[in-house]
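The following exercises concern a single protein model.

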Amino acid sequence: MRLSNLIHADDSDHVSFCHNGHTYRIGECIGKGGFGSVFSVLGKPQLVIKKIPIKSSQHYQLIQKEIDLTRVRLNHPFILRSFEFQYDSGNQTVYILYERKQGSSLYTHIQQWGSNQPPLPNAWLACQWHIARQVCCGLHYLHTQGFTHRDIKPHNIMVQNSPLHAKIIDFGLSQPSHENRGLGGSKTYNAPEKLDPAYPQTHAVDLWSLGCLLFHLFFYKTIFSHSKTTAFNKKEIAIIPTIHRRITQHIDALLTTSKPEVACVLPLIRHLLQLDPNQRPSAHEAHGYLQHNQPSGMHYTAFSSSDLH
């Protein structure tokens with residue numbers, strides 16, 4: 001650990017630490033969740049400190065993996081960066097210094113978009129295309145660096161408003177390409193080969209998840225919920241082809257019933273959801289498709305944050 005020191009005040013939530021010769025002091029709590037708490041950094045609005053209580057040794061290993069990736073190995077506009085961390089063994093707590101992005105998860109935006117009427121014609125759709133391209137860029141970079149995320153889903157995309165900017169987060173399940181194995185991830189976004197040890201796992205597990213994410217982004221429901229199909233189950237590997245056929249047929253039907261400005265993304269989703277991992281387009285190819293097939297009038301401009309809700 002390169003963090004030079006961690007100084008506790010009477011309240012364990014009030015800490016300061018040094019990084020690259022600068023002292024950063026924890027401010028007010030700006031968010032809480034199942035993971036822990038997020039605090040502002042006094043005098044540094046572009047940074048936050050995340051305080052995470054350690055639940056187990058396995059939990060600590062996942063956090064260390066994320067820190068290693070986001071602090072040392074990855075540096076990209078569409079991936080959330082961390083800068084420093086410290087493990088307080090006395091309180092079984094990790095403090096991490098992250099860049100700060102104002103906004104909420106893509107999942108939260110999808111929930112809002114799916115339950116409201118858009119305030120501006122095509123405003124939300126333009127935002128959706130814009131976010132989709134940024135996610136593809138971040139994912140392509142991750143793959144070129146030799147890593148697979150393994151848990152791509154709307155919950156793990158942070159979206160900043162004004163200007164709209166997406167960042168991939170939560171790298172606890174990520175693995176180097178040559179160590180890509182195991183289940184993990186989220187049921188409705190997991191690639192079928194994750195459930196069947198007979199199939200090797202590659203970056204393509206992320207590409208399947210990307211297809212699921214794009215469907216959720218443009219249709220406001222998961223592909224399984226929208227098609228009224230059961231998600232893949234490890235105990236029922238034999239019926240994976242049947243389930244896959246149903247969702248493929250559902251996508252084909254949507255091609256003729258959806259609005260043109262949405263239907264044009266379906267061929268990409270269908271290719272990303274190929275049962276054969278080797279047939280899925282790369283994240284770079286997915287970005288190219290989105291770049292060249294976005295409908296006219298759907299190009300993102302800097303809407304105010306109120307236009308997103």
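**Exercise 1. Determine how the lining of the largest pocket divides by residue class, and which elements contribute to the lining.**

Solution. The model is a predicted one.
Step 1. The lining residues comprise 13 nonpolar, eight polar and ten charged.
Step 2. The volume of the largest pocket is about 900 Å³. Its lining has 31 residues, of which Phe35, Val38, Lys50, Met158 and Ile169 are the closest to the centre.
Step 3. Two or more lining residues are given by each of β3 (22-33), β5 (47-53), α1 (57-73) and β7 (93-99).
Step 4. The largest share, four residues, is that of α1.

**Exercise 2. State how many helices and strands the protein has, and what percentage of its residues is buried.**

Solution. 
Step 1. There are nine helices and twelve strands in the protein.
Step 2. The protein has 309 residues, and 51% of them are buried.
Step 3. Consider the contacts with a separation of 6 or more: 62% of them join residues 24 or more positions apart.

**Exercise 3. Decide whether Lys153 is buried or exposed, and name the partner of its side-chain polar contact.**

Solution. 
Step 1. Lys153 is placed in the loop between β9 (147-148) and β10 (157-160).
Step 2. The relative accessibility of Lys153 is 16%. The cut-off for a buried residue is under 20%, so Lys153 counts as buried.
Step 3. The side chains of Lys153 and Ser186 make a polar contact of 2.7 Å.
Step 4. With residues up to four places away in sequence left out, Lys153 touches Ser186, Tyr189 and Leu213.

**Exercise 4. Classify Leu80 as buried or exposed, and find how far apart Leu80 and Tyr98 are in sequence and in space.**

Solution. 
Step 1. Leu80 belongs to the loop between α1 and β6.
Step 2. Leu80 counts as buried because its relative accessibility is 15%.
Step 3. Leu80 and Tyr98 are 18 residues apart in sequence, and their C-alpha atoms are 7.7 Å apart in space.
Step 4. Not counting residues up to four places away in sequence, Leu80 touches Tyr98, and also Thr70, Glu99, Lys101, Lys167, Ile168 and Ile169.

**Exercise 5. Give the phi values of Gln92 and Lys228, and classify each residue by accessibility.**

Solution. 
Step 1. Most residues other than glycine have a negative phi.
Step 2. Gln92 is not a glycine, yet its phi is positive, near 50°. Lys228, also not a glycine, has a positive phi of about 55°.
Step 3. Gln92 is in the loop between β6 (82-88) and β7, while Lys228 is in the loop between α5 (223-226) and α6 (240-257).
Step 4. The relative accessible area of Gln92 is 36%, so Gln92 is partly exposed. For Lys228 the value is 78%, and Lys228 is therefore exposed.

Terms used: Residues are numbered from 1 along each chain as its sequence is written. This is a predicted model: local features need pLDDT of at least 70, side-chain atom pairs count only at pLDDT 80 or more; totals for chains, interfaces and linings use all residues. Side-chain values use heavy atoms; hydrogens and water are left out. On a 1 Å grid over the protein atoms alone, a cavity is a set of points where a 1.4 Å probe fits but cannot get out, and a pocket is an open set with protein on both sides within 12 Å along at least five of seven lines; lining residues have an atom within 4 Å of a point. Grid points are joined across faces, edges and corners, and a volume is the space filled by probe spheres set on the points. Ala, Val, Leu, Ile, Met, Phe, Trp, Tyr, Cys and Pro count as nonpolar, Asp, Glu, Lys and Arg as charged, and the others, Gly among them, as polar. Buried means under 20% relative accessible area, exposed over 50%, partly exposed in between (1.4 Å probe, protein chains only). A polar contact is a pair of N or O atoms within 3.5 Å; within protein, one must be able to donate a hydrogen and the other to accept it, and residues adjacent in sequence count only if both atoms are side-chain atoms. Contact means heavy atoms within 4.5 Å.
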